[in-house]
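Subject: Structure handover

Hello,

Here is the structure I promised to pass on. Please open it next to this email. My notes follow below.

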Amino acid sequence: EMSALLLGSDELQRMLSAVERALSSLDGRRAKQLHLIQSSPKHAERLANALQQRIDHASKMDAKAVEARERLEALRAEKAAALPQYKQAHASTLALKQRLAQEISQRFDARAVNIMGDFGDATQ
């Protein structure tokens, strides 16, 4: 008590604050978990197993990402290889459509004929 009386209120408040911070760090979730790890080998083993599962899952996801990138490149190459053939088919279809429209127009006294419908542009 005597030493407390010799200290000022600011000094006591600072000491109280330091003690409260130390106490809160000891009562925190992290400190409790560290104590569980130290005192229970089974708990430490469970945590290690959970961490290993996460590492394994991350490795699998990395492998799947590599596979997906490879598949994407293969599909892009396949699309590029098929593009000339597609363009040729598209052009011949348009020519056939125009020829059909002309033939229908001739049968109906040169009336204007509009054949609707087309297949989309896959060059994008």
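What share of the 124 residues of the chain counts as buried? The figure is 3%, where buried means under 20% relative accessible area, exposed means over 50%, and partly exposed covers the range in between (1.4 Å probe, protein chains only).

Some ground rules. This is a predicted model, in which local features need pLDDT of at least 70 and side-chain atom pairs count only at pLDDT 80 or more, while totals for chains, interfaces and linings use all residues. Residues are numbered from 1 along each chain as its sequence is written, and side-chain values use heavy atoms, with hydrogens and water left out.

Confidence
The mean pLDDT of the chain is 87; pLDDT is the predictor's confidence in each residue, from 0 to 100. A score of at least 70 is reached by 90% of the residues. Among the elements, helix 4 (residues 41-107) has the highest mean, 94. Helix 1 (residues 2-6) has the lowest, 56.

Fold and surface
The chain has four helices and zero strands. Its pattern along the sequence is α-α-α-α. Helices (H or I, at least four residues) and strands (E, at least two) are DSSP runs, numbered from the N terminus. The accessible surface is about 11300 Å², by the Shrake-Rupley method with a 1.4 Å probe. Carbon and sulfur atoms hold 58% of that surface. Of the contacts (heavy atoms within 4.5 Å) with a separation of 6 or more, 44% join residues 24 or more positions apart.

Helix 3 against helix 4
Helix 3 (residues 29-39) packs on helix 4 at an angle of about 110°, with the axes 5 Å apart. The axes are lines fitted to C-alpha atoms over the stretch in contact, and angles run from 0 to 180 degrees between N-to-C directions. The pair is therefore roughly perpendicular, a label for 65 to 115 degrees. From helix 3 come Q33, L36, I37 and S39; they meet P41, H43, A44 and L47 of helix 4. The contact residues divide into five nonpolar, three polar and no charged.

After helix 4
Two residues deserve a look. D109 is in the segment after helix 4. It is not a glycine, yet its phi is positive, about 55°. D109 is exposed, at 72% relative accessible area. A110 lies in the segment after helix 4 too. A110 is not a glycine either, and its phi is about 60°. A110 is exposed, at 65% relative accessibility.

Best wishes

Methods:
Angles under 35 degrees count as roughly parallel, over 145 as roughly antiparallel, 65 to 115 as roughly perpendicular and the rest as oblique. Ala, Val, Leu, Ile, Met, Phe, Trp, Tyr, Cys and Pro count as nonpolar, Asp, Glu, Lys and Arg as charged, and the others, Gly among them, as polar.
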